[in-house]
2 protein chains.
Amino acid sequence: MSISFGQIMESLTVGLEPLEHTVDQLEPGHVDCEVRGIVTAFSASQAVIEQALAKGANLIITHEGVYFSHQDHRDWLEDDPVFEQKNSLIASSGVGIYRFHDYLHRHRPDGVIKGLLRELEWEGYVAEHHSAASILTLPAMEVGEIAAYLKQKLQIPYVRVAGKLSMPCQRVGILVGYRGGGGLAIPLFRKAQLDLVIAGEGPEWETPEYVKDAVHQGRNKALIMLGHAESEAPGMKLLAEELAGQYPDLPVHFIADHPVFQIV
Amino acid sequence: MSISFGQIMESLTVGLEPLEHTVDQLEPGHVDCEVRGIVTAFSASQAVIEQALAKGANLIITHEGVYFSHQDHRDWLEDDPVFEQKNSLIASSGVGIYRFHDYLHRHRPDGVIKGLLRELEWEGYVAEHHSAASILTLPAMEVGEIAAYLKQKLQIPYVRVAGKLSMPCQRVGILVGYRGGGGLAIPLFRKAQLDLVIAGEGPEWETPEYVKDAVHQGRNKALIMLGHAESEAPGMKLLAEELAGQYPDLPVHFIADHPVFQIV
């Protein structure tokens, strides 16, 4: 049975309130195009696109944009050779790229958080899901133990930690992607009585400086930044499994890209 | 001779075009207050404030805001105990805090970049100063060697690197603070024919993803993120030295705060 790009997109957003403004789009690609195979990934890096083509996939579903910008600003990229080479590859390959960002975050629970909690085997510790965060009550662990657990389960080489590694914690807030900023994370510490926030990334002068002051005041507060991709890739991994279950005749693969940074 | 807060502030902004909108302000504090001693620092963390008081200083000059927010949004902090304790300390101490951000960046060359280049002993390699970046032509070094040099000169425990450590580079762009985002850094790679950008911080899905694609395409591009405070604190250190030279009768100290993050 033939499945189109549009049918996949409809199945991913079914039941969700339509958004007036969204970064989600099929670009390039046409909704009537028949799906031969699907790849999901955090972002459509050139390495991911090449691996998708090698697997015979013609639809890539990513969480972040193709061209290094949340709002797809391409004015930065005028005459840019990296952009032009990537753009040529995409155009000549005929691959479709569906950015599935806003609607995935609007699944309940948030599809990205759901993937992360599944990867961490922490679903059973959820106390409550908020729209942009999930609150967990973990068995008592020290911050350093949690950091080691996160690295092992997510297979990531490092995390950035604000606070004391020896601090015991139980009440944990999880905020994926760029939600580690002060506007979300700082009030959450107080309202949800958190010991620890685990986030993707956020401005360094906001939540990390708050935690520094809190620790200096003798309070039990800590922050672990996983990295943006590291916090959201598990959501795209889970998505591949869900699509594979839903469309058993389609080849569906999740591609884990290399981390953007190494620590020196 | 008595010097007031206002006289110090005037001397720091003399000759600069007044800005219509600026985050720079003396808050708390009164321009007529007599300066007994000055401390400069990246931010007025509680640890910095306590050290300043212990030194007898009554004017703290910082680059970032007191309350974890560039625009001083305090709605995040309603009923927040960390905020309230810090606020009480500041109010009861009578210390003045002058945020010197926008005008310091408008010095020519940018006062923050000037301090960083001085700390790195790289002033002699400057090819050109742009308004938000400086372009250097360094003696040929590999990215890994530059990373090691940065850590040693700035006394910082780690940097985050995108790209290959073995890549040789000479053309380097330096962007401090949050200027590592795609809007500034990506066009700069092309326009200034850079091999390497050294920045404070920026969104992980922008410049780092661009560099990942560029490297995948076989191009010589790399990015080193120093950390926001790590890239800007040397500017505040240089400022303390300049103030000490200008006001020899005033005690002036730079305070190096602890890094917000440790790597685990």
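Aromatic rings of Phe, Tyr and Trp are taken to pair if their centres lie within 6.5 Å. In the predicted model described here, A:Tyr67, A:Phe68, A:Phe83, B:Phe189 and B:Tyr210 form one aromatic cluster. Over all chains, the structure holds 14 aromatic pairs. One of them is formed by A:Phe68 and B:Tyr210, whose ring centres are 5.4 Å apart and whose planes stand at 85°, so the pair is edge-to-face. Because A:Phe68 lies in the loop between β3 (59-62) and α3 (81-93) of chain A and B:Tyr210 in helix α8 (residues 207-216) of chain B, this pair joins two chains. Both A:Phe68 and B:Tyr210 are buried. A stacked aromatic pair is found between A:Tyr98 and A:Phe100, with 5.7 Å from centre to centre and 20° between the planes. A:Tyr98 has a relative accessibility of 4% and therefore counts as buried; A:Phe100, at 0%, likewise counts as buried.

The arrangement of the two chains was then examined. Two copies of a chain are related by a rotation about an axis and a shift along it.

The contact draws on 62 residues from chain B and 63 residues from chain A. Between them, chain B and chain A bury about 5,700 Å², of which 58% is on carbon and sulfur atoms. In chain B, the most area is lost to chain A by B:Trp205, B:Phe261 and B:Val264, which together account for 14% of what that side buries. Polar interactions also cross the interface: 36 residue pairs are in polar contact, both residues being at pLDDT 80 or more. Six salt bridges are counted between chain B and chain A. In one salt bridge, the side chains of B:Lys86 and A:Asp213 meet at 2.5 Å, N to O. The element that gives the most to the side of chain B touching chain A is α8(B), with seven residues.

Within chain B, helix α5 (residues 111-120) is mostly covered, eight of its ten residues being buried. The buried residues of α5(B) are B:Gly111, B:Val112, B:Ile113, B:Gly115, B:Leu116, B:Leu117, B:Glu119 and B:Leu120. Their cover includes α4 (102-105), β5 (126-129), β6 (134-142), α6 (143-154), β8 (168-175) and α9 (228-246) of chain B. At the N-terminal end, α5(B) is capped by B:Asp110, a side-chain oxygen of which lies 2.7 Å from the backbone nitrogen of B:Val112. Just after α5(B), B:Glu121 adopts a positive phi of about 55°.

B:Val112 is also among the residues in contact with B:His63. B:His63 is placed in the loop between β3 (59-62) and α3 (81-93) of chain B, and its relative accessibility is 0%, so B:His63 counts as buried. A polar contact of 3.0 Å links the side chain of B:His63 to that of B:His105. Apart from neighbours within four places in sequence, the contacts of B:His63 comprise B:Ala41, B:Phe42, B:Arg99, B:Phe100, B:His101, B:Leu104, B:His105, B:Val112, B:Glu232 and B:Met236.

Note on methods: Residues numbered from 1 in each chain as written. Chains lettered and ligands numbered in written order. Predicted model: local features only at pLDDT ≥ 70, side-chain atom pairs only at ≥ 80, totals over all residues. Heavy atoms only, no water. Helix = DSSP H or I, 4+ residues; strand = E, 2+ residues; numbered from the N terminus. Buried < 20%, exposed > 50% of the residue type's maximum accessible area, 1.4 Å probe, protein only. Polar contact = N/O pair within 3.5 Å; in protein donor to acceptor, adjacent residues only side chain to side chain. Contact = heavy atoms within 4.5 Å. Phe/Tyr/Trp six-rings, centres within 6.5 Å; stacked < 30°, edge-to-face > 60°. Buried area = accessible area lost by both parts, 1.4 Å probe. Salt bridge = Lys/Arg side-chain N within 4 Å of Asp/Glu carboxyl O.
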